[in-house]
Each structure stands twice: as structure tokens, then as C-alpha cells.
Amino acid sequence: MVEDVVKTLKVRIKNEVLTTRKKERLWRITGRDTRIIEKYVRIIHHNRRKICTKTKNGKIRVHRGKLDELTLTTSKVKEEERRKTVPHDLKRMFPYCSHNEFQECRDIAVQLYEQGYRPSPTRPPIKRARRQLINGKRFILIHLPKEKNNTLTRWWVGIRDSLDTWRRNTPYHQKLWLPLEMSTFHQKELKKGRVKSLELRYKRSTHEWWVYFQLRVLPPSFYPTKEDNSSSLPSAVLGIDLGINIPAAGVLLTPKKKLTKKEIKFWYNKQWNRINHRYKLKLSRLQRKAALNDQSGKKHQIYRFLALLRRRYKNVKRAYIYQFISDVVQTIETYARMYDLFVVVGYPKHIREEKGKGKSTRNFRRKLHQWNFSLVLTLLRRALILRGFDPHRILTIEERGTSSHCSRCGRKVIRPVRGLVHCSSCGYTFHSDLTGAMNIARKFLGVLFRPQGNTITDYLTGQRFSSTHFIVCLGLSHWLQPQ
Ligand SMILES: [Zn+2]
């Protein structure tokens with residue numbers, strides 16, 4: 001049942017001992033592709049009359065064979081079919097690039113052109129890549145023990161150069177050896193999983209190269225096996241409602257028939273709301289300034305500052321999201337020690353359409369569209385699985401209608417003030433976010449208690465689980481009746 005997770009491990013390359021030649025080769029590995037692709041796009045555009053055709057529905061198709069005839073010489077075919085000269089000899093422009101790589105770049109360029117990318121003097125060229133993904137077959141990671149190695153570096157990664165190096169008229173692939181700064185933490189993390197691929201990245205801020213390993217980790221199981229004492233814990237369902245003003249509210253439904261303070265949880269950060277507001281104010285002010293035309297001399301300064309501010313805001317936001325996730329995970333872990341716990345999160349799929357234009361205030365809509373619940377949910381799920389939760393214990397279900405119905409009797413409610421819901425038929429008044437959370441948990445239980453055998457689909461991943469996984473929840477049936 002346990003699902004493996006891909007984790008990233010960042011390791012610094014010892015940049016200070018890299019030779020200039022090695023650095024140059026690193027640049028060639030990451031930066032080469034884009035230059036060739038750009039070249040290809042220009043060639044296609046220049047010869048578009050010869051090699052492009054239009055389909056019936058007006059789309060442009062590029063003939064790849066004809067493009068090859070313009071760009072690549074051939075040497076491995078019969079004498080009479082050999083192309084010795086071509087109008088745009090790419091092999092002469094990029095002598096270190098292999099045939100296969102030209103082919104890859106050609107396919108990307110053709111795709112770009114067919115999608116509508118055109119070279120133009122005003123448009124900046126395709127950005128120079130500062131990262132390159134290298135799959136498992138193209139590198140090896142080695143550890144040299146102290147006795148066998150007289151250098152200071154114990155860990156090396158060897159990347160098979162995809163560039164052709166010529167020796168005695170035959171091409172072969174050299175290995176580029178990079179020294180790694182591997183701490184004990186890194187070594188521990190490496191032992192947990194299998195290295196799948198790596199990414200080379202250049203950090204512009206520090207002018208350093210880094211290796212990002214992608215590890216496939218099999219998380220430990222949080223719950224003891226069925227034969228052990230897991231059945232001795234009472235079962236519980238935690239419903240979580242994601243909101244905008246309050247990021248998340250949770251209600252824990254336990255075998256007890258009443259809710260107390262212990263079973264209610266808000267995840268809320270006052271400081272964040274203030275910081276968020278301040279950044280948004282600053283950004284909007286600057287944007288307005290940039291849109292005005294009268295300060296022609298200072299304009300580039302404003303743009304530069306705007307870019308800086310946006311970047312900073314993004315980083316602050318990310319840090320906040322991670323903090324939020326770790327808070328939620330902590331609470332869930334404490335609950336999981338006391339109960340046989342299932343977590344159900346509402347996925348607000350239709351909220352953007354329902355609260356669309358003309359139906360709520362502009363400010364609210366802006367908040368709504370900037371709110372990335374999908375990211376939050378994915379991160380939460382990942383964090384829990386990494387801590388050993390089974391995937392069927394973290395479910396995402398559609399939350400439609402959960403916050404507009406009474407959590408006691410199920411009838412439609414009204415909202416007298418913001419943040420409260422009131423049911424006119426049973427007279428119950430409750431916090432609106434908690435109503436949502438409670439209804440999400442109840443909706444989940446409702447699916448389980450349907451008479452036919454059912455499967456539950458996780459909204460986020462589309463995985464299906466049969467209801468036999470949730471049999472322990474049958475002890476919570478009293479939550480379905482009106483309280
Ligand atoms: Zn009611």
C-alpha cells in the first residue's frame with residue numbers, strides 16, 4: 001500500500017576546485033541546446049516556403065527530412081547518396097555536438113515553430129538554460145574510501161558527456177568528473193532512497209554549480225500492521241476545509257458523540273496576513289508607477305525594482321506555505337498517535353466558477369485566483385506520505401456544497417454575518433469554516449455507509465480505494481444522524 005515519493009537532494013559542487021575547462025564544459029552541457037534550437041528556428045523561418053506546408057485546418061507543419069537536407073551533412077551512407085555540402089552546416093557551427101543531439105534539438109525547434117514561435121529582432125532569444133536534467137544511465141555516483149584516494153574529495157559524480165570528443169577519427173563520450181561537497185546529512189539521505197536522475201543547476205546569485213539528485217524514497221510505514229495493536233486505537237476522521245481568510249480549519253470526528261475544543265483546529269498565521277497585505281500594496285503601487293508614461297528616465301529602475309520585489313514576494317510566500325504544511329502535519333501526527341486516523345480534505349474545484357465575475361467582490365475574486373490550493377494539497381499529501389501515512393489515509397474529495405448546508409440536519413443554511421452559518425430549521429449556529437470541515441468528513445462517511453459496496457476516488461490523484469480499506473470507520477456511524 002505504501003507509495004514511493006520522489007525527493008530532491010541538493011548537493012553543492014566544489015566550485016572552488018573546478019578548473020576553467022571543467023566549468024566551460026558544464027556551461028556547454030547546459031547552455032548548448034538552446035543555442036542550437038534558436039539556430040534551427042531561424043533556419044526554418046528563413047526557408048519556410050520550401051519546408052513548411054499548411055494543413056486543412058490552417059496549421060503549419062514542418063517537413064523534418066527536408067530540414068535535415070538543409071542542415072546536416074551525411075557521411076555514413078553510400079557514396080552516391082552522400083550529402084557533402086549543405087546550405088546551413090550545423091556540424092561546422094557546433095562541432096562538439098553529436099548527431100543524436102542535433103536530432104533532439106531539431107524536434108524541439110520544429111515543435112516550437114509549429115506552435116507559433118517566430119524569431120524576430122525585437123523578441124529576445126530563447127533563454128539560455130541554466131539547468132540540465134540527466135537521467136540515470138548517463139551518470140555515476142562514486143564514493144572513494146580514504147585508503148584508495150589521496151585527494152580531499154570522497155564523493156564524485158561522473159557525467160557522461162553528451163558532446164562528441166574525437167580521438168583517432170572516432171567519436172566517443174568522455175566523462176566529466178565533478179567533486180561534491182557531501183555532508184553526513186547528505187549521505188544519510190542518499191541511503192534512504194535510490195537515485196533516479198540528477199539535475200545540474202547554476203545559481204546566479206552565488207555563481208555556483210549545484211547538483212540536484214532526484215531520489216526515489218520508500219517511506220516507512222507509520223501504522224503498525226493489522227495484526228498488531230492498530231485495531232486497539234479508536235478510529236477517527238479529520239475533515240479539513242481550506243479557506244481563503246483562514247487557510248485551513250479542521251474538525252475531528254471521533255467515537256465520542258460531541259465536539260469539544262480538542263477536536264477543533266484552526267491553522268492561521270496573523271503575521272502572514274500582514275506581510276502579504278504589505279507586499280501586495282507595494283507591488284500594486286509600483287505597477288501603477290510603471291504604467292505611467294511621464295518618467296521616461298527612471299522607468300528601467302522601476303522595472304528592475306518591480307522584478308526584485310516580485311521575486312522576494314514569491315520566496316516569502318513559498319516559505320510561508322511550507323511553514324503552514326509543517327504545522328498541519330504536526331497536528332495530524334499528534335492525532336494519529338491517539339486514533340486510527342483518516343484525513344479527508346475538501347477540494348474546491350468549482351469555487352472559481354461559482355464565485356466568478358459579478359457574484360462577489362473584486363478583492364475576494366483576486367484572492368481566490370491567487371490561492372493555490374492544488375499546490376497546498378499536493379505538498380500536504382507528499383509530506384504525510386513521507387512520514388509513513390498510507391495513501392488511502394489522506395483523501396481529497398470534492399467539497400461542493402459542504403459549507404452551505406447545516407452540519408446537523410443537512411438543510412440549506414443562511415449566513416447572517418461573515419464567518420457564521422445559521423440553520424433556520426433546527427436553529428443551529430456554527431462557524432462557517434468548521435461547518436465546511438465537518439461536512440467534508442461527514443460526506444466521506446456518507447459514501448462509506450452507502451448500502452452497495454463502494455470505491456472512493458481520490459480527487460487529486462484519481463486513485464481508487466475500495467471501501468474495505470475504511471472498515472474501521474464503521475464505528476463513527478452516529479455522526480451521520482442528526483445530532
Ligand atoms: Zn440544521
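Mentor: A residue is buried if 20 or more other C-beta atoms, placed from the backbone, lie within 10 Å of its own, exposed if 12 or fewer, and partly exposed in between. The model is predicted: local features need pLDDT of at least 70 and side-chain atom pairs 80 or more, whereas totals for chains, interfaces and linings use all residues. Residues are numbered from 1 along each chain as its sequence is written.

Trainee: Why does His207 count as exposed?

Mentor: His207 has 8 C-beta neighbours inside 10 Å, and therefore counts as exposed. His207 is placed in the loop between strand E10 (193-203) and strand E11 (208-217); helices (H or I, at least four residues) and strands (E, at least two) are DSSP runs, numbered from the N terminus.

Trainee: What is the phi of His207?

Mentor: Phi of His207 is near 55°, a positive value in a residue other than glycine. Most residues other than glycine have a negative phi.

Trainee: Why are H8 and H11 called oblique to each other?

Mentor: Helix H8 (residues 299-338) and helix H11 (residues 373-386) pack at about 45°, with axes 10 Å apart. Angles under 35 degrees count as roughly parallel, over 145 as roughly antiparallel, 65 to 115 as roughly perpendicular and the rest as oblique. H8 and H11 are therefore oblique.

Trainee: Which residues make the contact?

Mentor: H8 contributes Ile321, Ile325, Val328, Val329 and Ile332, and H11 contributes Val376, Leu379, Leu380, Ala383 and Leu384; contact requires C-beta atoms, placed from the backbone, within 7 Å.

Notes. Axes are lines fitted to C-alpha atoms, for helices over the stretch in contact, and angles run from 0 to 180 degrees between N-to-C directions. Two residues are in contact if their C-beta atoms, placed from the backbone, lie within 7 Å.
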